[in-house]
Amino acid sequence: MATRPQRTERRTDALSKERIVEAAIEILDTDGESALTFRALAARLATGSGAIYWHVANKEELLAAATNGVVARALTDVPDDGDPREAIRAVALGVFDAIDAHPWAGAHLSRAPWLAALPQIFEGIGGRLAALGVPEEAWFDSASALVNYVLGVAGQNAANARLHAHGTDREAFLGAVAEQWERLDPARYPFVRRLAEQLPRHDDREQFLAGIDLILAGVEASLRG
């Protein structure tokens with residue numbers, strides 16, 4: 001009888017919150033948010049639900065920890081020194097790629113902006129604005145424009161990917177959309193029709209970075225004005 005509490009204590013210690021979050025990320029990546037239950041998590045970890053509740057209070061806390069972990073990894077390799085413009089681009093692309101790989105993280109960020117992940121993104125981007133010469137009174141607007149663009153485009157890109165079954169030919173799908181654009185009334189949609197040719201071949205990451213560069217160019221132009 002004396003050994004039972006000791007085994008339970010060792011089991012709880014071995015089942016760390018980090019292990020639980022990693023298992024949750026695996027379930028989220030493979031089967032989506034609806035599949036993440038404490039029963040599924042317990043089965044994956046070969047433990048009881050009670051041991052998981054010891055570390056995580058509920059599913060919302062688990063989603064928050066998983067999202068924070070995904071974003072933190074994306075920002076780990078961004079250099080602290082060097083060109084601040086390139087650092088901002090690296091942070092933005094890191095978040096874009098993380099949400100592309102883990103679409104549920106982008107969705108959760110949009111629902112829960114108070115997560116620790118959001119200050120991390122703001123710090124990663126906004127912390128470089130002073131080095132670019134942006135005055136403090138313009139930090140909030142400049143950082144918000146960049147962060148909102150990053151989360152908006154990354155989230156939309158991930159949502160688009162989830163709408164289509166795995167194995168969908170991207171170029172063929174976009175080609176079909178381009179054909180629809182080309183059939184639009186040229187008097188009402190002259191601009192859209194001109195873009196149709198570029199749609200099937202565009203690269204999402206390159207287009208995303210082009211948007212970051214446009215925002216940064218606008219920020220830098222405002223400094224000269």
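1. Definitions first. A helix axis is a line fitted to C-alpha atoms over the stretch in contact, and angles run from 0 to 180 degrees between N-to-C directions. Two packed helices are described by the angle between their axes and the distance between the axes. The model is predicted: local features need pLDDT of at least 70, side-chain atom pairs count only at pLDDT 80 or more, and totals for chains, interfaces and linings use all residues. Residues are numbered from 1 along each chain as its sequence is written, and side-chain values use heavy atoms, with hydrogens and water left out.

2. Overall content. The protein has 12 helices and zero strands. Here helices (H or I, at least four residues) and strands (E, at least two) are DSSP runs, numbered from the N terminus. Of its 225 residues, 37% count as buried. Buried means under 20% relative accessible area, exposed means over 50%, and partly exposed lies in between (1.4 Å probe, protein chains only). Take the contacts between residues at least 6 apart in sequence: 69% of them join residues at least 24 apart. A contact means heavy atoms within 4.5 Å.

3. Helices α5 and α6. The axes of α5 and α6 come within 8 Å and cross at roughly 140 degrees. That angle makes α5 oblique to α6. The classes are as follows: under 35 degrees is roughly parallel, over 145 roughly antiparallel, 65 to 115 roughly perpendicular, and the rest oblique. The crossing of α5 and α6 is right-handed. A crossing is right-handed if the near helix is turned clockwise from the far one by less than a right angle, and left-handed if anticlockwise. From α5, the contact uses Val70, Ala74 and Leu75, and from α6 it uses Val91, Gly94, Val95 and Ala98. By class, the contact of α5 with α6 has six nonpolar residues, one polar and no charged. Ala, Val, Leu, Ile, Met, Phe, Trp, Tyr, Cys and Pro count as nonpolar, Asp, Glu, Lys and Arg as charged, and the others, Gly among them, as polar.

4. Helices α5 and α8. What is the angle between helix α5 (residues 59–75) and helix α8 (residues 117–126)? They pack at about 20 degrees, with their axes 9 Å apart. The two helices are therefore roughly parallel to each other, and their crossing is left-handed. Thr67, Asn68, Val71, Ala72 and Leu75 of α5 meet Ala117, Gln120 and Ile121 of α8. The contact of α5 with α8 holds five nonpolar, three polar and no charged residues.

5. Aromatic pairs. The structure holds three of these. Rings of Phe, Tyr and Trp (its six-membered ring) pair if their centres lie within 6.5 Å; planes under 30 degrees apart count as stacked, over 60 as edge-to-face and the rest as tilted. Phe38 and Tyr53 have ring centres 4.4 Å apart and planes at 20 degrees, so this pair is stacked. Phe38 sits in helix α3 (residues 38–45) and Tyr53 in helix α4 (residues 49–53), 15 residues apart. Phe38 is buried at 10% relative accessibility, whereas Tyr53 is partly exposed at 46%. Tyr149 and Phe208 are also stacked, at 5.4 Å centre to centre and 10 degrees between the planes. Tyr149 belongs to helix α9 (residues 139–163) and Phe208 to helix α12 (residues 204–224), so the pair ties together parts 59 residues apart in sequence. Phe208 is buried, with a relative accessible area of 1%. Ring pairs link Phe96, Tyr149 and Phe208 into a cluster.

6. Helix α7. Is this helix enclosed or exposed? Seven of the nine residues of α7 (residues 103–111) are buried, so the helix is largely enclosed by the rest of the structure. Trp104, His108 and Leu109 are among the buried residues.

7. Arg89 lies in helix α6 (residues 84–101) and is buried, with a relative accessible area of 19%. Leaving out residues up to four places away in sequence, Arg89 touches Leu209, Ile212, Asp213 and Leu216. Arg194 is in helix α11 (residues 190–195) and counts as exposed at 69% relative accessibility.

8. A backbone point. Most residues other than glycine have a negative phi. Ala46 has a positive phi of about 55 degrees although it is not a glycine. Ala46 lies in the loop between α3 and α4 and is exposed, with a relative accessible area of 58%.
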